[in-house]
Amino acid sequence: MKLPSRSKSYMIPEYSLTGDLLSYITCGLQYRYQNKGALPPSKPVQRWFGEFIHGVMEESYNEWKYGKKEFPWDWKEDIRPIEDLIDLRLQVRGLYPHDEDLFFSINQPGMEMTLDDLNEHDHKKLASARAEKAINIWGKHLFPLIDASELLIKGIRPMPNQDKHKTRSNYYGINGVVDVLTSTKINRNDEQSSLYNYNNKIVQFIKNNLSEKSDSDDYEIIIDYKGMKRPPTKVLNPLSEDKWENHKQQILTYSWLRSKQEDSKNISAGIILYLNELVPSKEDLVLIKEEIRNNLTDVPEGIEFDEDIQLIEEWEEDEKAPNLSEEFKIARSIRFISVNEKEREKALEKFDNVVEDIESSLLKEMKGCKIQDAWKAEADNRTCLACDFKTFCKNNSDITKDFKIP
Ligand code: SF4
């Protein structure tokens with residue numbers, strides 16, 4: 001008996017906000033090789049840390065929710081087992097950290113180690129230091145406010161320019177995963193929680209930025225974590241990805257997706273936590289210093305931060321990392337993005353445009369066009385240098401193409 005197959009018109013291509021949109025914007029050809037060709041990058045450090053820190057935060061939230069263990073958490077006892085679990089999950093997907101970023105998994109075959117053999121001095125590396133700060137600084141304030149964690153949000157949109165490209169489907173799907181905070185938890189006014197919320201840095205931050213909202217309004221805030229430093233607010237090189245703007249578009253698109261769900265409330269804003277700012281690496285500090293010098297980043301306002309800025313400005317690469325204040329790092333690591341209808345429409349149009357580009361490249365390839373001719377290959381020098389495909393990418397031959405800050 002012949003089984004009926006699903007009609008082609010119902011196979012709707014699905015795009016994820018981070019895996020497709022942001023990845024394609026970085027470089028179309030790299031996206032094609034990595035995503036559509038299912039080739040995992042050989043040293044996907046940025047991707048590894050992004051996924052690692054997301055996983056650590058989600059797992060920590062679950063442990064907190066069911067165990068309610070008080071903060072601060074101990075690295076060896078409470079956090080390292082979570083790191084190990086997430087590291088193993090990522091290894092299954094072919095994602096590995098650099099040796100200098102994370103201590104090897106104690107569960108690896110042939111590794112006769114237990115938690116008792118670990119010590120902070122030899123085994124706690126950059127990713128662990130960031131995970132510990134992320135949990136003990138932000139987890140403490142964030143977890144009690146989360147109403148829904150790891151919420152899958154999905155939506156469907158008409159495929160742009162269907163007639164022009166003779167597209168394979170009339171619609172496309174968008175998806176993303178977010179944590180959601182609600183005003184009910186943010187504005188809790190029983191005695192114990194109001195005392196708690198009074199000291200809660202996230203509540204204070206929301207109230208400072210959401211000035212037009214009264215305590216009685218019913219609203220939601222979307223949360224996203226990024227395993228990176230705060231991006232520059234201005235990008236001079238036309239080939240560089242404008243991460244500041246793209247992250248805003250991401251939150252706006254998430255808010256649209258969430259608004260389509262039945263149980264959603266008015267989505268007022270999004271918060272992004274740039275977790276590398278809590279423990280910046282030397283590479284991060286070099287970029288932060290350059291951005292401050294060229295007025296390309298926003299620094300926290302107030303005379304209490306003058307000393308931190310001076311420390312960064314005077315710091316030299318061969319010196320020990322400057323001793324920045326905790327408050328400075330916290331202020332740099334959090335970003336508020338207001339949601340409004342007009343901006344949301346613009347973000348969705350941008351998403352449509354990216355999907356149109358991807359679909360038209362796919363169609364060209366399906367008609368026999370060579371991969372390198374079908375996909376746009378454009379990136380800044382930093383991205384090309386770290387790209388696995390640079391040896392055969394025609395566009396990488398001109399390494400002088402990069403734009404230098406004068
Ligand atoms: S080398 Fe550069 S232009 Fe070529 S695929 Fe990689 S990132 Fe894109």
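E59 is buried in this predicted model, with a relative accessible area of 16%. Its salt-bridge partner is R89, and the closest N and O atoms of the two are 3.2 Å apart. R89 is partly exposed, at 44% relative accessible area. Let's look at this pair in context, then at the nonpolar cores.

**Salt bridges**
- In general, side chains of opposite charge can pair when their charged atoms come close.
- The count for this structure comes to 20 salt bridges.
- R89 sits in helix α4 and E59 in helix α3, so the bridge between them links distant parts of the chain, 30 residues apart.
- K133 and E326 also meet through their side chains, at 3.9 Å from N to O.
- That pair connects helix α6 with helix α14, across 193 residues of chain.
- K133 counts as partly exposed at 31% relative accessibility, and E326 is partly exposed at 35%.
- R157 and D352 form another salt bridge, at 2.9 Å from N to O.
- Here strand β2 holds R157 and helix α15 holds D352, 195 residues apart.
- Both partners are buried: R157 at 12% and D352 at 13%.
- R80, E83 and D84 are linked in a network of salt bridges.

- In soluble globular proteins, nonpolar side chains tend to be buried together.
- The largest nonpolar core has 48 residues, and F52, L181 and I271 touch the most other members.
- Helices α3, α4, α6 and α10 are among the elements that each supply at least two residues of this core, as are strands β4, β5 and β6.
- Another core, of 44 residues, lies apart from it and includes L22, M159, I222 and M228.
- Among the residues that L181 touches are L142, I186, I206 and Y219.

Methods. Residues are numbered from 1 along each chain as its sequence is written. This is a predicted model: local features need pLDDT of at least 70, side-chain atom pairs count only at pLDDT 80 or more; totals for chains, interfaces and linings use all residues. Side-chain values use heavy atoms; hydrogens and water are left out. A nonpolar core is a set of buried Ala, Val, Leu, Ile, Met, Phe, Trp, Tyr and Cys residues joined through side-chain atoms within 4.5 Å. Buried means under 20% relative accessible area, exposed over 50%, partly exposed in between (1.4 Å probe, protein chains only). Helices (H or I, at least four residues) and strands (E, at least two) are DSSP runs, numbered from the N terminus. Contact means heavy atoms within 4.5 Å. A salt bridge is a side-chain nitrogen of Lys or Arg within 4 Å of a carboxyl oxygen of Asp or Glu. Lists of a residue's contacts leave out its neighbours within four places in sequence.
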